[in-house]
Amino acid sequence: MTSTPPDLPPKYYLDNYRYVMDFVRKLYDAILIGSEREFLDAFDLLSEDAQCLFIRFTNRRGSFFKVNALSYPELEDIPAALTELIETGFVEGLGEQHAARADEVVDLFTKPELLMLTQALAPIVMPAKSIRKPDLVRWLMHEYKAEELIEGLDVLEPVVKVGYEVEAMMMRFLFFGNRHNDMTEFVIRDLGHVQYQSFQEENFSVRFETRKDVEDKLMVSLTGETFHDQKDELPPEEIYDWFMNWQGGLVGELSAVAAPSYRRLILRIGAWLERKKLPEQALAVYQLTDHAPSRERRARLLQRVGDVDEALALCEDMIAHPQNADERFFGLDYREKIKNKKKRVVRRTTKALKEAGAVPVPISFRYRVELGVMEYFRERGYEAAFSENEPWRALFGLVFWDIIYDTNVRAIHHPLQRVPSDFFLPDFYIKRETLLRTRLEELDNQKAFSALIKKTYEEKFGTANVLVAWFDGMLELVLLLVHYLEPAQLHSILLEMAKHLRENTRGFPDLLIWKDEEYDFVEVKSPTDHLSSQQLHWQHFFENLGVNSRVLRVEWAFEEDEAEKTSDNMS
């Protein structure tokens with residue numbers, strides 16, 4: 001039975017926006033600049049309805065709005081609120097100063113309205129009435145000066161542009177620490193869709209210590225958005241030149257808080273250039289970072305352009321200092337491929353799969369192969385359950401819940417944060433290693449493990465956790481892991497996960513099968529499936545710990561009548 005969502009008060013968004021403003025003032029007062037302080041002070045002086053109307057503007061997409069389309073039942077006098085916003089600089093009327101953004105204004109209007117505009121502007125040639133709106137917008141932008149369009153549209157219907165755009169954006173950026181979260185996060189919480197971990201207000205730490213921190217992080221974010229907007233509009237060579245000029249113009253080192261975003265942007269653009277068949281340009285971009293998968297991609301590209309020695313050096317580096325399982329196995333396989341030139345090299349993942357055992361499964365399970373293997377073992381008296389990733393993530397989340405969200409580590413920056421800011425960075429393990437190991441020392445037996453897991457489950461049920469999915473049967477599955485594995489084995493697995501949470505929370509075997517005190521983890525592979533490096537990593541890791549785990553290939557077994565038909569056809 002689903003619960004009825006709570007009714008939000010008509011001006012629910014006002015309290016949330018004021019909270020963000022006050023929060024930013026409190027945490028970031030030391031790094032705010034003059035225009036941002038001016039914005040905060042001026043916002044406080046607005047009437048309640050004017051504040052609400054401005055928030056409605058800033059919470060919507062775009063910067064321009066048709067006045068006659070404004071309709072908010074909770075506001076008593078929209079024209080009066082709009083006049084107040086215009087008089088105080090929070091909104092401005094449409095004018096020639098907006099000519100550079102005329103396409104945004106034109107796009108506000110419907111196709112019939114734009115056809116009316118073309119009649120008013122008396123064109124030499126009228127566009128066909130069947131023309132699509134996007135084509136009509138392009139035609140107007142080509143045929144008329146932006147100032148003419150602005151003037152004509154303002155006559156057709158008054159349009160306003162929201163002010164303080166940069167300052168309002170900066171308030172959200174300082175609060176959330178990124179560009180992708182917005183005020184809808186509050187609505188999700190208030191409607192009960194997500195129950196967030198609760199924190200004491202005084203325990204939040206700043207995401208940005210200095211003005212450089214926030215400006216560097218924002219710059220990288222905006223550059224990523226520019227790449228996304230331009231990559232389908234400009235030739236790849238121009239995108240490459242633009243990016244290399246931008247990064248070449250960076251002054252000094254980027255702040256630490258911006259570095260992860262910068263590395264991800266490099267990898268995105270490098271991969272995009274590869275797809276555009278520009279290997280030399282992709283190589284130049286990849287050389288800006290050593291973070292995975294940069295070295296792997298560079299080794300491939302270097303070997304392709306004939307720089308074999310450099311490719312081999314990268315392979316040796318990956319073998320000696322792998323950042324993840326993909327790098328480790330790729331380094332070994334690719335080094336062998338380069339050295340053996342014409343000889344075909346079998347990858348280690350392929351070799352492990354070929355050496356794996358096989359079980360017959362009816363062809364009817366071809367689209368749900370794991371279920372077919374589960375049925376195979378159930379017919380032989382075993383019980384079976386899905387164990388791929390989620391139970392292990394839940395185990396980690398339930399055992400280390402308070403350590404993950406420990407505000408003393410200074411990785412929790414606002415009340416709607418689902419993921420600590422260092423969660424996918426090496427810092428997570430470095431900062432918490434003592435806490436993690438101390439917790440595991442306390443869990444030196446099965447009873448202690450089970451008691452903590454049950455306690456956390458009951459206390460936190462339904463609360464958002466980056467690793468805990470709250471699926472049906474989750475608790476029982478986690479307790480099965482604890483039942484069959486020794487505490488020391490669990491300790492090693494949990495610490496291995498903690499060292500690289502982005503990589504090591506995936507690749508776990510598909511199934512857990514058990515009967516009495518006998519158990520096995522099973523990685524299931526159909527005849528067309530491949531074994532990933534991360535899956536092989538966990539197979540090796542489990543083997544070294546003495547955890548029962550194996551890879552099983554599926555061989556299709558036809559139904560009896562199908563087999564007979566096949567036999568007849570062959571004869």
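Here is a guided walk through this predicted model, from the whole chain down to a few individual residues. Residues are numbered from 1 along each chain as its sequence is written, and side-chain values use heavy atoms, without hydrogens or water. Because the model is predicted, local features need pLDDT of at least 70 and side-chain atom pairs count only at pLDDT 80 or more, while totals for chains, interfaces and linings use all residues.

Let's start with the whole chain. The C-alpha trace spans about 80 × 60 × 55 Å along its principal axes. The secondary structure of the protein chain comes to 28 helices and eight strands; these are DSSP runs, with helices being H or I of at least four residues and strands E of at least two, numbered from the N terminus. Of the 571 residues, 49% are buried, where buried means under 20% relative accessible area, exposed over 50%, and partly exposed in between (1.4 Å probe, protein chains only). The chain exposes about 29,500 Å², and carbon and sulfur atoms supply 49% of that area, as computed by the Shrake-Rupley method with a 1.4 Å probe. Among contacts with a separation of 6 or more, 72% join residues 24 or more positions apart; a contact means heavy atoms within 4.5 Å.

Next, two helix pairs. Two packed helices are described by the angle between their axes and the distance between the axes. The axes are lines fitted to C-alpha atoms, for helices over the stretch in contact, and angles run from 0 to 180 degrees between N-to-C directions.

Helix 3 (residues 48-58) packs against helix 4 (residues 78-87) at about 80°, with the axes 9 Å apart. The two are therefore roughly perpendicular, given that angles of 65 to 115 degrees count as such, under 35 as roughly parallel, over 145 as roughly antiparallel and the rest as oblique. Helix 3 brings Asp49, Ala50, Leu53, Phe54 and Phe57 to the contact, and helix 4 brings Ile78, Ala81, Leu82, Glu84 and Leu85. By class, that gives eight nonpolar, no polar and two charged residues, counting Ala, Val, Leu, Ile, Met, Phe, Trp, Tyr, Cys and Pro as nonpolar, Asp, Glu, Lys and Arg as charged, and the others, Gly among them, as polar. Helix 3 is mostly covered, with nine of its 11 residues buried.

Helix 15 (residues 294-304) and helix 17 (residues 325-340) meet at about 15°, their axes 10 Å apart. That angle makes helix 15 roughly parallel to helix 17. Their contact involves Arg295, Glu296, Ala299, Arg300 and Gln303 of helix 15, together with Glu327, Phe330, Tyr334 and Ile338 of helix 17. This contact has four nonpolar, one polar and four charged residues.

Phenylalanine 227, in helix 11 (residues 211-230), is buried, with a relative accessible area of 2%. Leaving aside neighbours within four places in sequence, phenylalanine 227 contacts Ile239, Trp242, Arg268, Ile269 and Trp272. Lysine 66 sits in strand 1 (residues 64-66) and, at 14% relative accessibility, counts as buried. Beyond four places in sequence, lysine 66 is in contact with Leu108, Phe109, Glu113, Glu157, Pro158 and Val159. Leucine 545, in helix 27 (residues 533-545), is partly exposed at 25%. Not counting residues up to four places away, leucine 545 touches Gln489, Ser492 and Ile493.
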